[in-house]
Amino acid sequence: MQPEPPQTSDPLGYLLGRAHYSMRRRLNRRMASCGMELTSEQCLILVMLGCESQVNQQDLADRMFKDKTGISRLVSGMERKGLIQRTSTIEDRRNNFVQLTDFGRSTLSTIQKQLSEIRVEAREGIAEKDMETCRRVLQKLVDNLSACEEQAG
């Protein structure tokens, strides 16, 4: 059963949450249909690592809005699946860097294909100028709220 579509008077946070949830759920289902047991969070980590050769685990946690325990659990599971590997520096064994394995890189190509198809599905009937306006407005919301957080301490 499909939930009723939100009304235009629905709060912005609710609509943003629904959009985010819908995208994550769609990606989870598409990955499962490809026979891949990966969550949308794991996919996001692979996409991030695909853009950089290696990422400090704490930077990854910050980008994912996760605490150290949460990101460590995610990374450990992905390491067990052979998607990524962790290395530490000689100076500080607690400073872990994460990078894709060959298997992770091949998995990333499947993820990127699925994400591309999901974006097409999600943008159905939406003009590119409207998408650009949406991006600009959302970025402004993020900037405004970040500035409020910085002022609050």
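The legends below describe an overview and several close-up views of a predicted model.

Local features are reported at pLDDT of at least 70 and side-chain atom pairs at pLDDT 80 or more, whereas totals for chains, interfaces and linings use all residues. Residues are numbered from 1 along each chain as its sequence is written, and side-chain values use heavy atoms, without hydrogens and water.

**Figure 1. Overview of the six helices and three strands of the protein.** Helices (H or I, at least four residues) and strands (E, at least two) are DSSP runs numbered from the N terminus. In that direction the elements follow the pattern α-α-β-α-α-β-β-α-α. Along the principal axes, the C-alpha atoms occupy a box of roughly 55 × 45 × 30 Å. The protein has 153 residues, of which 25% count as buried; buried means under 20% relative accessible area, exposed over 50%, and partly exposed in between (1.4 Å probe, protein chains only). The exposed surface comes to about 10800 Å², with 53% of it supplied by carbon and sulfur atoms. Accessible areas follow the Shrake-Rupley method with a 1.4 Å probe, and for residues only the protein chains shown count as cover. Among contacts (heavy atoms within 4.5 Å) with a separation of 6 or more, 48% join residues 24 or more positions apart.

**Figure 2. The open sheet, with strand order E1-E3-E2.** Pairing in this three-stranded sheet is antiparallel; two strands count as paired if DSSP finds at least two bridges between them. Strand E1 (55-56) and strand E2 (84-88) are the edge strands, each pairing on one side only. E1 pairs with E3 over two bridges, and Asn56 has Phe97 in E3 as its bridge partner. E2 and E3 are joined over five bridges. Within E3, Leu100 is the bridge partner of Ile84, and Gln99 stands opposite Gln85. Helix H2 lies across E1, E2 and E3 and runs at about 90 degrees to E3. Axes are lines fitted to C-alpha atoms, for helices over the stretch in contact, and angles run from 0 to 180 degrees between N-to-C directions.

**Figure 3. The largest nonpolar core, with 25 residues.** A nonpolar core is a set of buried Ala, Val, Leu, Ile, Met, Phe, Trp, Tyr and Cys residues joined through side-chain atoms within 4.5 Å. Ile45, Leu46, Leu60, Ile71 and Ile84 have the most contacts inside this core. Two or more core residues come from each of helix H1 (12-33), helix H2 (40-51), helix H3 (57-64), helix H4 (68-80), strand E3 (96-100) and helix H5 (102-122). H2 gives the most, with five residues.

Figure 4. Ile45 counts as buried because its relative accessibility is 0%. Leaving aside neighbours within four places in sequence, Ile45 is in contact with Leu60, Met64, Ile71, Leu74 and Met78. Glu79 is 34 residues from Ile45 along the chain, and their C-alpha atoms are separated by 12 Å.

**Figure 5. Surroundings of Ile84 and Thr101, two residues that touch.** Not counting residues up to four places away in sequence, Ile84 touches Leu46, Leu49, Val75, Met78, Glu79, Val98, Gln99, Leu100 and Thr101. Thr101 is in the loop between E3 and H5. Its relative accessible area is 15%, so Thr101 is buried. A polar atom of the Thr101 side chain lies 3.1 Å from the backbone oxygen of Leu83.

**Figure 6. The polar contact between the side chains of Ser76 and Arg86.** This contact spans 2.8 Å. A polar contact is a pair of N or O atoms within 3.5 Å; within protein, one must be able to donate a hydrogen and the other to accept it, and residues adjacent in sequence count only if both atoms are side-chain atoms. Ser76 is placed in helix H4, and Ser76 counts as buried because its relative accessibility is 18%.

**Figure 7. Phe65, in the loop between H3 and H4.** The phi of Phe65 is near 60 degrees, a positive value in a residue other than glycine. Most residues other than glycine have a negative phi. Phe65 counts as exposed because its relative accessible area is 79%.
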